[in-house]
Amino acid sequence: MVARGVLTSVSMAIMAVATAAAPLVSLEKREESNNGLTDRVTWDKHSLLIDGERLFFFSGEFHYYRLPSPSLWFDVMEKFKALEFNGVSFYFNWGYHSPKKGVYDFDGVRDVQKAFDAAAAADLHVITRAGPYINAEVDCGGFPGWLMNQHSMARKSSPENDANSKEWLEAIDKYIVPNQITKGGRVVLNQIDNEYADNVDPYYMEMIKQKFAEDGVDVPSIFNDPNTNGYFAHGTGSVDIYGWDSYPLGFDCSNPTVWPNNRSTTWRDYHEMMNPGEPMALYEFQGGAFDPWGGPGYDACRTMVNEQYAKVFYKNNYAQGATIQNLYMGYGGSSWGGLAKPTVYTSYDYGAPISEPGLMTPKGYEVKLQGTFLHTVKPFWTTEHFSPKVDKDDIILVDGLADVNTDTKFYIAQHWNTASEDKDEFHIDIETSDGKFTIPQKNKLVIDGREAKILTTDYDFHSQHLVYTTSEIFTHQTMGSHDVMVVYAYEDQEGEFALKVSKDDVKVDAKDDSVSHSVEDGILLINYKHTNGTTPIYISGGSDQDLLLLVAGYSSATRWWAPIVKDSKDRVLIQGPYLVRGASISDSTLAFTGDIDETTDIEVVVPENIESFTWNDKELKLKKSEHGTWTGTIEFKDPKIDIPDLTKAEWKYSEASPEINPDFDDSTWTTANHLQTNSVTIPETWPILFADDYGFHTGCIWLRGKFNGSSDITGFNLTAVSGDASAWVAWLNGEYLGGYDVGNQAFEDLNGTLKTDGENVISLLLWTTGHEDDWSADDDYKTARGFQKANLLGTRNQTIWSIDWKIQGNLGGEDLADPVRGPYNEGGLYGERMGWHLPGFDDGDWDKVSVPEDKNRTGVSWYRTNFDLDIPDGYDAPMSIKFDDDTKTRYRALLFINGWQFGRYANDLGPQTQYYLPSGILNTKGSNTLAVAVIPIDKGAQLGKVILEPYKVLESSIPAVELVDSPGIDKRQT
Ligand code: IPT
């Protein structure tokens, strides 16, 4: 075991300076810290080091619980790697694993080991973030439903809360601990709680930190401060590597092209003050945005947090000094079932670099351009800031970063006004070991609107010495007898590339007219324009090895991939495909794997010994060009997938709300008789009518209230409490009274319906949308779902018990009827309780109908149909269900695919109408059961069109997708 503290190692680097007579010896003094538990993961002020190797930690956030198909975790992790993330950050969701105190489930879709395996298979480092509190727009912010009945406050130290928190940590640590790098796994950092900055109790943090340590977590601890508040950087509860998060564009995507001018320029100073001995870490940096019910939708978020945003804001982070950057989200997924907190709907696409159905996006490609640079150009990892001289420094901000080990310097240029859409030309004064220059010397350097550039100077790569370039570097690689570098800029922008050469008669060969060159004082200066496509410039005779400079326009650059060849550290280059997942070499054959969406022309740059190629195991015929690159075409074969037309399918229908009828037998329901609650909602009448108090934590809730009529009683008054987008419907003695948003509603003038003599029965159906989170650590997650007030009108003593109530939520409450699909899959609708959503339910005696429906229905309705799919091997066709209707009456619907609830639809709120059905949950090679429950809020609703549709069809090397266990009705545990 190593002692906590500073490890000092001195390494000698001998740097021969061409012009100096004697070599200079420079001593690099490294001061690395570790946490006293392991030296496998260390750090200094510049960056993290893993096994002594420095890296730029560039990760994306992934929530396995938002994609309940473990095979697809391998797919998504492979895409992370392809987009040049070298890490992944996992939140673990306590509530997802624990339906009941003491009960933990890590089987099937909850098998987190597979998530670790998927990260390892894709060669990704892992950050674990197990909370206990995670936020993440999930129900209770990740706390299990049963914790709502805990008396003590969450996220505060108390015997009860400590015990419950430790119960979870003990369960999840069994997975985190063996997956740490120290045990042969990939976990390198472990987060303590999340964004704990309001109402903080440092002893709680300390307790969590110690529990992780006691259980054997020995990698450095981290904390994600909600912005630069300084929490847990020092003192009780403080962590090894403090960091913060930031969402500079916020979460309102409704004006997606309007950007606030709020890029941070003060982080460097803050970091210097707060934790100067640690790398600057952004444990969550905005990678997209969530969207609320009724919001503008994820296309708008993708537009707002687009690739230009990624250029400006991520590069600004690097300029500020960040070398740990986790994008929240890398892939968002779906808040299926009741996973979401009330503000968000089923899709959690997030406008992330990889979309909900697993597709590439423009921002994904931008992430790849940046990531490849960050991993290639190593001097970028050890820099100090300086302020260069810029001619337009009132408009253009240029941050200088100077490597402390070499002469390499970087210039990060952007508009001072982040939102500026102007095109501005500027010059920078640079100082290199080859002299001082004002660049560009011959043509133009611009920042065009919302872009930012990283310019590299004085940089040795392979046999070359770059003096500077005004283009951005994607990557470089030596290919045996010649070196290759790919640079890029937006189309029509000019570039200047200055290379040190040993002879004046260097040969520059380019087919493009825009390319010109000159040699002066041993520096070859090449000027060119970035055009559509990629222009090769072949430079020979200037150094030991030739250089193939590939000058790409931006859109061409987005399709350059530089996969690291399996079992090596070298990259090969390929331009064209939609997605390149991997490359491997055996003998003289290079095998690529990836996805295409159309017939694709490609160009490949590989070492000279490669003579043949395959794409997804099929031979690929390529021709060698004069500069040694290879070109050819990958043919896309349309698989002609037969997508069933559900508007022509046979559907079965059943009405599904017998609870409305006064004589419905509710004897098995729970009697609502509590007089006390741990909720933060203050009851106004008794008994307590909060569903969670009776163990019902998800989905729809039914209540039935009975009272004897009298001539005094004139009606009743109800106050429903639930989250955004919730609604409730009331019936009296079988008659529909109305459907409402949450809040208070008085029911009077019930002429004819309210009995003055005999028993009256109120039936209430509450459509809930999950629980609040605990952002402020004030137990807000304990806000009730149910009724705060229920009293009769016309009588005295209205707050006391005047109605007898029964309550029913999901079958079994915390003792799940369906542990495989887990605590969030089903609520308390009659059909859910009866298992109508499940495969194998016999709907033989239901009515045959067609959908769209031609009848107005009142009360809850269920529809079922089956369909077959046969998506051939070698293709990926992520599927969806779309609702298309112009029904004016408000209704809500639940969509079940093979028993899994994958859609909560609100025709009156939107915005979501299309719901992703992940393969594995969906049987892409066989039959599927689709069920739709329709809950009218207004009287009479008509289910519109239900359409099955792929988002895209790709010829793909997606890893084989195993069917998820989808137990049928016979497996119900009641
Ligand atoms: C940040 C949370 O850490 C994360 O869990 C998620 O909720 C995210 O917000 C928004 O999607 S908190 C940040 C807004 C300060």
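Glutamate 826 and arginine 972 meet through their side chains in a salt bridge, with N and O 2.6 Å apart; a salt bridge here is a side-chain nitrogen of Lys or Arg within 4 Å of a carboxyl oxygen of Asp or Glu. Glutamate 826 lies in the loop between E51 and H11 and arginine 972 in the segment after strand E61 (954–955), so this pair ties together parts that are 146 residues apart in sequence.

This is a predicted model, in which local features need pLDDT of at least 70 and side-chain atom pairs count only at pLDDT 80 or more, while totals for chains, interfaces and linings use all residues. Residues are numbered from 1 along each chain as its sequence is written, and side-chain values use heavy atoms, with hydrogens and water left out.

**Confidence and domains**

- The chain averages a pLDDT of 95, and 97% of the residues score at least 70, pLDDT being the predictor's confidence in each residue, from 0 to 100.
- Confidence in the chain is lowest in strand E1 (residues 5–15), at a mean of 38, and highest in strand E8 (residues 125–129), at 99; helices (H or I, at least four residues) and strands (E, at least two) are DSSP runs, numbered from the N terminus.
- Over residues 1–28 the pLDDT is below 50, and this stretch has 46 contacts in the model beyond near neighbours in sequence, a contact being heavy atoms within 4.5 Å.
- Where pLDDT is low, the predicted coordinates should not be read in detail.
- The domain assignment, which is automatic or from a database, gives domain 1 (49–376), domain 2 (382–562), domain 3 (657–808) and domain 4 (829–971).
- Between domain 2 and domain 3, the C-alpha centres lie 68 Å apart.

**Salt bridges**

- The structure holds 51 salt bridges, and in one of them arginine 40 pairs with aspartate 51, the closest N and O atoms being 2.5 Å apart.
- Arginine 40 lies in the loop between strand E2 (24–34) and strand E3 (41–43), and aspartate 51 in the loop between strand E4 (48–50) and strand E5 (53–55), so the pair ties together parts that are eleven residues apart in sequence.
- Arginine 40 is partly exposed at a relative accessible area of 29%, and aspartate 51 is partly exposed at 43%, where buried means under 20% relative accessible area, exposed over 50%, and partly exposed in between (1.4 Å probe, protein chains only).
- Aspartate 815 is partly exposed, with a relative accessible area of 46%, and lysine 100 is partly exposed at 29%.
- A network of salt bridges links Asp75, Glu78, Lys79, Arg581 and Asp595.

**Cysteines**

- The structure holds one disulfide, the term standing for a pair of cysteine sulfur atoms within 2.5 Å.
- This disulfide joins cysteine 253 to cysteine 301, with an S to S distance of 2.1 Å, and the link is right-handed, with 100° about the S-S bond.
- The pair links distant parts of the chain, 48 residues apart, with cysteine 253 in the loop between strand E11 (241–246) and helix H6 (267–274) and cysteine 301 in helix H7 (residues 298–304).
- Cysteine 253 and cysteine 301 are both buried.
- For cysteine 140, the closest cysteine sulfur is that of cysteine 700, at 17 Å, which is too far for a bond.
- Cysteine 140 is buried at 0% relative accessibility, and cysteine 700 is buried at 2%.

**Nonpolar cores**

- The largest nonpolar core has 216 residues, of which Phe62, Met77 and Phe380 touch the most other members; such a core is a set of buried Ala, Val, Leu, Ile, Met, Phe, Trp, Tyr and Cys residues joined through side-chain atoms within 4.5 Å.
- Helix H8 (residues 307–320) gives the largest share of this core, seven residues.
- Apart from its neighbours within four places in sequence, methionine 77 is in contact with residues including Phe62, Val88, Phe90 and Leu124.
- A second, separate core of 32 residues includes Ala672, Phe696, Phe707 and Ala720.
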